[in-house]
There are 2 protein chains.
Amino acid sequence: MKYGVIGTGAIGGYYGAKLAHAGQEVHFLLHHDYVYVCSHGLQVNSCEGSFHLTDVNAYQQTEDMPPCDVVLVALKSVNNDKLQSLLPPLLHPQTLVVLIQNGIGVEEDVQRMFPNVQLAAGLAFICSAKTEPGRVNHQCYGSINLANYSCKDEALMQQVVDDFRQADIETGLVEYHEARWKKAVWNMPFNGMTVALHTQTDLLLKNKATRRLIREQMMEVVGAAQHLGVKNVDSAFVDKMIETTDSMTPYSPSMRLDYDFHRPMELYYIYTRPLQIAREAGFPMPKLEMLEAELRFLEEQNNR
Amino acid sequence: MKYGVIGTGAIGGYYGAKLAHAGQEVHFLLHHDYVYVCSHGLQVNSCEGSFHLTDVNAYQQTEDMPPCDVVLVALKSVNNDKLQSLLPPLLHPQTLVVLIQNGIGVEEDVQRMFPNVQLAAGLAFICSAKTEPGRVNHQCYGSINLANYSCKDEALMQQVVDDFRQADIETGLVEYHEARWKKAVWNMPFNGMTVALHTQTDLLLKNKATRRLIREQMMEVVGAAQHLGVKNVDSAFVDKMIETTDSMTPYSPSMRLDYDFHRPMELYYIYTRPLQIAREAGFPMPKLEMLEAELRFLEEQNNR
């Protein structure tokens with residue numbers, strides 16, 4: 001099995017390095033870090049045990065990479081238009097592309113670009129950051145679930161799960177729509193609200209008014225998912241998400257980091273697209289629509 | 001006619017000084033400014049012509065003030081519980097109390113404190129600020145409409161209008177519910193949104209997403225007012241408010257100033273009360289409910 005990683009950052013760098021450390025053949029596309037990683041390798045500082053990869057298969061462009069059996073795409077979704085040119089050199093007829101990205105609709109759009117490619121979603125539950133060249137800081141958690149979108153080869157999906165497990169990554173196979181919407185239940189309130197109120201998860205839950213608001217926003221996502229026929233997304237799951245977040249250390253989601261570092265926020269797939277899907281299906285989410293408008297405003301102010 | 005002013009700040013100081021400057025007998029309750037105003041008088045710097053009041057009837061407590069025919073209450077509504085003790089010394093059986101305050105429900109609550117007092121609402125459309133002791137800076141506008149709440153003496157209401165006009169204050173008599181809800185159409189979106197996004201009116205209207213959001217929030221207020229049977233509050237009025245705000249100089253509403261100076265915001269009468277009235281009548285305003293929750297969060301953070 002050959003693995004390719006597009007987007008060797010906090011997420012792609014972590015999972016790719018774990019696989020390589022466990023003996024898999026992994027090919028990494030690098031950008032700013034290319035020269036550094038060629039000479040210094042990749043360092044993973046992890047709560048579960050740090051390690052260093054000395055010999056990294058590093059590339060500056062996908063044209064130089066071999067066709068791979070599995071490609072992990074861990075780009076920010078704001079850059080997904082680049083997949084049109086990035087992906088083809090890595091594809092052979094049976095390649096499985098796993099989109100480890102946030103939001104709703106990414107698989108649909110990538111499938112439209114590549115109608116015959118086999119796609120899966122990778123739903124990562126991880127706190128990690130890339131703060132320096134060639135160095136991933138993995139703070140906590142680390143599981144990643146795989147959801148089949150258009151892969152006809154079930155043995156291949158299972159092979160990826162086995163490879164991840166062999167690399168000490170907690171993983172499993174989950175239902176696609178359920179998994180994407182469950183992730184949205186957490187992502188839609190917390191990513192935006194930590195930006196809008198310039199705060200972290202813990203304070204949002206400590207204040208009575210915003211704790212209630214977060215719950216109402218989660219219930220908007222649950223309502224939309226149920227309206228769309230998605231199973232197992234319900235108020236019990238909302239309770240569990242709030243409980244889980246209560247027990248987490250104070251956390252700044254990726255959108256808050258993007259905002260703080262004046263990088264574009266993933267507004268389209270985390271907000272615009274699911275809001276549009278829900279509204280077209282007759283289930284508007286007014287509080288999350290308002291949050292999107294606030295984020296559009298802040299994005300404009302932030303990049304002036 | 002004897003006028004009393006409770007709350008000699010940007011609003012009460014302006015209207016009281018205009019009346020006194022025009023020859024009316026006006027008695028001012030002062031707080032921090034008392035000693036300064038006793039020796040230096042009251043200065044009004046105004047876009048319509050500045051003037052100075054040398055001999056000011058200034059008081060430190062209402063017990064020393066005479067009973068008045070008209071009392072202008074221009075306290076922040078967060079201090080309305082103090083009216084219980086402040087108001088009685090100024091009242092005679094025919095006194096008219098004019099509440100120049102923001103929000104929905106202030107007259108109802110003050111009437112409950114003083115069941116027999118005659119009440120009116122004063123709806124000021126003015127940009128002014130008190131930045132130093134004894135000095136009111138009046139930047140623009142300045143009209144104030146009067147709305148009868150429980151005054152049986154129509155001649156007295158008309159007399160107040162005449163006195164205001166004689167003092168070069170633009171004024172008129174308006175219907176109570178219509179006037180309060182029309183004011184809420186502007187106040188509920190702009191007061192809170194300038195705090196939540198730390199911005200001013202012009203930028204909220206320049207950004208496409210927040211311009212639309214402001215309009216949606218205004219339409220929530222219109223919907224609630226119509227649901228409550230209030231007349232003449234409609235989408236044409238919303239268009240007019242947005243047009244008026246487009247033509248204003250960039251403006252920080254009072255709530256933004258309160259927030260910036262770490263003073264309590266008027267959340268109860270501008271948000272909580274009208275939201276509660278509308279919800280109980282079966283017309284929730286989800287986007288303004290979300291705004292209230294954000295403001296409750298910011299208030300808590302701001303006063304830690």
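## A salt bridge across chain A

In this predicted model, a salt bridge joins the side chains of A:Lys130 and A:Asp33, with an N to O distance of 2.8 Å. The pair links distant parts of the chain, since A:Lys130 belongs to strand E8 (residues 118–132) of chain A, while A:Asp33 sits in the loop between strand E2 (25–29) and helix H2 (34–40), 97 residues apart.

The two partners can also be described by their accessibility: A:Lys130 counts as partly exposed, at 33% relative accessibility, whereas A:Asp33 counts as buried because its value of 7% falls under the 20% limit.

## Two pairs in chain B

Within helix H4 (residues 106–113) of chain B, B:Arg112 and B:Asp109 are three residues apart and are therefore separated by about one helical turn. Their side chains meet in a salt bridge at 3.4 Å, N to O; B:Arg112 is exposed, with a relative accessible area of 56%, but B:Asp109 counts as buried at 14%.

A salt bridge of 3.0 Å, N to O, likewise connects the side chains of B:Arg263 and B:Asp258. Here B:Arg263, at 38% relative accessibility, counts as partly exposed, and B:Asp258, at 1%, counts as buried.

## A network and the overall count

Salt bridges also link residues into a network, which contains A:Arg212, A:Glu216 and A:Lys287 from chain A together with B:Arg279 and B:Glu289 from chain B. Over all chains, the count comes to 42 salt bridges.

Technical notes: Residues numbered from 1 in each chain as written. Chains lettered and ligands numbered in written order. Predicted model: local features only at pLDDT ≥ 70, side-chain atom pairs only at ≥ 80, totals over all residues. Heavy atoms only, no water. Salt bridge = Lys/Arg side-chain N within 4 Å of Asp/Glu carboxyl O. Helix = DSSP H or I, 4+ residues; strand = E, 2+ residues; numbered from the N terminus. Buried < 20%, exposed > 50% of the residue type's maximum accessible area, 1.4 Å probe, protein only.
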